[in-house]
Amino acid sequence: MTWTPYEADAYLDVDEIETFCRELAETHPEWVELETVGETRHDRPILLLTLSAADRGPEGSERGRRPALWLDAGTHASEWTGISAVLYIVSDWIERLEGGDAALREWFRRHEVLVMPCICPDGVQAMRDGAPFVRSTLRPHNDGTVRSGFDPCDVDGDGRVRMMRWKDPSGAFVEDPDWEPFMRPRSIDDDPEDAYVLCSEGEFINWNGVEWTRASKEFGLDLNRNFPANWNPFEMFGMDGGDYPLSEPESRAVVDTFTDHPSIGCALTMHTYTGAILTQPYRPDSVLGDRDIDVMELLADEMAEDTDYQVLQVYPEFMYDEDNPVVGVWADTMTTVFGVPGYTVEFWDPLDYAGLEVEDPMDFIMDP
């Protein structure tokens with residue numbers, strides 16, 4: 001069997017991710033071990049790679065007992081850059097180990113890296129196959145739940161969910177005269193005859209014929225609200241955080257695997273987007289003391305050196321709603337439940353890419 005290094009020149013689907021991991025482990029057993037640590041509702045494996053030297057280290061420690069770094073990705077099904085980054089990092093390390101990098105070889109004799117490259121393979125593959133937006137998994141709604149309102153979906157059968165518009169004097173948008181494809185918010189001086197309604201491609205389901213409300217998503221679970229830290233019933237943007245903490249096979253597999261490795265000293269969970277490292281605190285009444293929060297921020301600042309990434313405290317700098325702190329977050333759980341410095345790495349800053357200088361990215365996202 002051969003193994004091909006991943007150059008991050010294309011996003012991989014779930015089968016390709018699994019093939020990469022299995023070929024890597026089979027061709028490099030001296031550095032890589034592969035386990036299936038859980039299964040999804042659709043029987044897809046949740047994989048864990050352990051990177052470390054198979055032989056005993058200088059202190060006689062064995063693989064599985066060395067100080068460890070945790071990396072994961074794919075918590076959110078549309079955020080493929082995290083998966084790509086993790087696979088690229090692993091690929092780069094193996095190429096350097098193969099090339100005889102003495103310092104890296106010595107490091108991996110003393111340490112290990114635990115990599116869960118795709119936490120939600122069901123949702124990732126659904127998005128790869130062209131499904132409407134999936135936040136995390138394909139968990140169905142509870143029995144008796146009735147979805148009602150506007151449902152984004154592929155109306156014209158072209159395999160994509162685009163935007164659509166139609167003229168209506170009550171519409172909130174008009175065509176921008178300077179750029180034809182762009183719709184700008186309507187002003188009081190605009191002629192009602194030029195107004196459009198603008199929305200995602202979709203249709204109404206179980207509609208009452210009056211109210212324009214968004215239907216809950218077909219698969220509405222946000223797995224990053226299903227972890228133990230400060231879990232509460234959650235609902236936002238047609239999504240929920242599960243029936244109780246760790247109600248989902250994916251979150252349960254993540255936490256069980258994490259607790260099986262008590263030597264983890266630091267952890268990164270990869271997401272998209274903002275171009276930032278998110279750190280503590282997550283709420284004003286954090287269980288962490290000021291010194292813990294300061295140390296967490298100092299470590300994040302060191303990680304961000306030589307990059308253009310921001311370091312943002314989730315509270316108050318990365319809040320959807322200042323009055324409602326986010327709940328059940330995995331990175332928060334790493335730190336406040338398990339005592340491991342845990343960070344969310346948000347790859348790619350689309351606002352900077354578009355040439356926008358935005359002081360508060362969450363304010364802009366919520367009200368552009």
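**The largest cavity and the charged pairs**

A: The lining of the largest cavity is made up of eight nonpolar residues, one polar and one charged, where Ala, Val, Leu, Ile, Met, Phe, Trp, Tyr, Cys and Pro count as nonpolar, Asp, Glu, Lys and Arg as charged, and the others, Gly among them, as polar. This is a predicted model, in which local features need pLDDT of at least 70 and side-chain atom pairs count only at pLDDT 80 or more, while totals for chains, interfaces and linings use all residues. Residues are numbered from 1 along each chain as its sequence is written, and side-chain values use heavy atoms, with hydrogens and water left out.

The search of the whole structure finds one cavity of 30 Å³ or more, a cavity being a set of points on a 1 Å grid over the protein atoms alone where a 1.4 Å probe fits but cannot get out, with lining residues having an atom within 4 Å of a point. The volume of the largest cavity is about 50 Å³, taken as the space filled by probe spheres set on grid points that are joined across faces, edges and corners. Its lining consists of Tyr6, Ala10, Tyr11, Leu12, Ile17, Trp80, Ile83, Ser84, Leu87 and Arg128. Helix 2 (residues 80–98) supplies the largest share of that lining, four residues; helices (H or I, at least four residues) and strands (E, at least two) are DSSP runs numbered from the N terminus.

Arg139 counts as buried because its relative accessibility is 6%, and Asp240 is buried at 18%, where buried means under 20% relative accessible area, exposed over 50%, and partly exposed in between (1.4 Å probe, protein chains only).

In the pair of Arg162 and Asp158, the closest N and O atoms are 2.8 Å apart; here Arg162 counts as partly exposed at 45% relative accessibility, and Asp158 counts as partly exposed at 35%.

Definitions and conventions:
On a 1 Å grid over the protein atoms alone, a cavity is a set of points where a 1.4 Å probe fits but cannot get out, and a pocket is an open set with protein on both sides within 12 Å along at least five of seven lines; lining residues have an atom within 4 Å of a point. A salt bridge is a side-chain nitrogen of Lys or Arg within 4 Å of a carboxyl oxygen of Asp or Glu.
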